[in-house]
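Here's a quick briefing to read alongside the model. Have the sequence and the 3D view open as you go.

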Amino acid sequence: MMGAHLVNDLYAVIVKRILFKLALLLSVLVISYLVFSRPSYSQAIPYLDKIGHLSSFFCLSLLTYLAFKPKWSVLIVIMAGYALLIEIVQSYLPYRSAELADWIADMAGVGLFYLMLWGVQRLRVTLRSDTQ
């Protein structure tokens, strides 16, 4: 009986990882499309572009973490590289421009993800110690 429970738990972990990898792939494709296509949205909301960068990279960091569990340094390098690639490509598109502020907003999204992760881990430790 115990072996079957272990197999079910392992299966659940594998399925979750596969789903997170698929969600990550879909997110990268959608975000890449949005940042490389001609903008069709109004700039009526101040800093909407920066909010989009921050939230996109928060989500990408979360999905990358859930899909692969990389070391923090690896995840930061990957996200910084993708953010830099986006800005380089945008610098060659006539209807886009590269901005250091966009890259900073991307990295702020990664930082916000790690701040959230740290908070969740602290909460787990606190809750675990309260139940003992």
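**Aromatic cluster, a helix face and a loop serine**

Phe-58, Tyr-65, Phe-113 and Tyr-114 come together as one aromatic cluster. Bear in mind that this is a predicted model, where local features need pLDDT of at least 70, side-chain atom pairs count only at pLDDT 80 or more, and totals for chains, interfaces and linings use all residues. Residues are numbered from 1 along each chain as its sequence is written, and side-chain values use heavy atoms, with hydrogens and water left out.

**The aromatic pairs**

- There are four aromatic pairs in the structure; rings of Phe, Tyr and Trp (its six-membered ring) pair if their centres lie within 6.5 Å, and planes under 30 degrees apart count as stacked, over 60 as edge-to-face and the rest as tilted.
- Take Phe-58 and Phe-113: their ring centres sit 6.2 Å apart with the planes at 70 degrees, so this pair is edge-to-face.
- Phe-58 belongs to helix α2 and Phe-113 to helix α4 (residues 100-131), so the pair ties together parts that are 55 residues apart in sequence; helices (H or I, at least four residues) are DSSP runs, numbered from the N terminus.
- Both Phe-58 and Phe-113 are buried, where buried means under 20% relative accessible area, exposed over 50% and partly exposed in between (1.4 Å probe, protein chains only).
- Phe-113 also pairs with Tyr-65, with centres 5.7 Å apart and planes at 55 degrees, so that pair is tilted.
- Tyr-65 is in helix α2 and Phe-113 in helix α4, so this pair links parts 48 residues apart in sequence.
- As for burial, Phe-113 has a relative accessible area of 0%, while Tyr-65 counts as buried at 18%.

**Helix α3**

- Helix α3 (residues 72-92) has 21 residues and reaches 31 Å from its first C-alpha to its last, close to the 30 Å expected (1.5 Å times one less than its number of residues).
- Its buried residues are Leu-75, Met-79, Ala-80, Tyr-82, Ala-83, Ile-86, Glu-87 and Gln-90.
- Down the axis of α3, those buried residues fall within an arc of 160 degrees, so they line one face of the helix; the arc is taken from the directions from the helix axis to the C-beta atoms.
- On the face of α3 turned away from its buried side you'll find the exposed residues Val-77 and Tyr-92.

**Ser-37**

- Ser-37 is in the loop between α1 (2-36) and α2 (48-68), and is buried at 16% relative accessible area.
- The Ser-37 side chain reaches the backbone oxygen of Tyr-33 at 2.9 Å and that of Leu-34 at 3.4 Å.
- Leaving aside neighbours within four places in sequence, Ser-37 is in contact with Tyr-95 and Arg-96 (heavy atoms within 4.5 Å).

Definitions and conventions:
Helices (H or I, at least four residues) and strands (E, at least two) are DSSP runs, numbered from the N terminus. A polar contact is a pair of N or O atoms within 3.5 Å; within protein, one must be able to donate a hydrogen and the other to accept it, and residues adjacent in sequence count only if both atoms are side-chain atoms.
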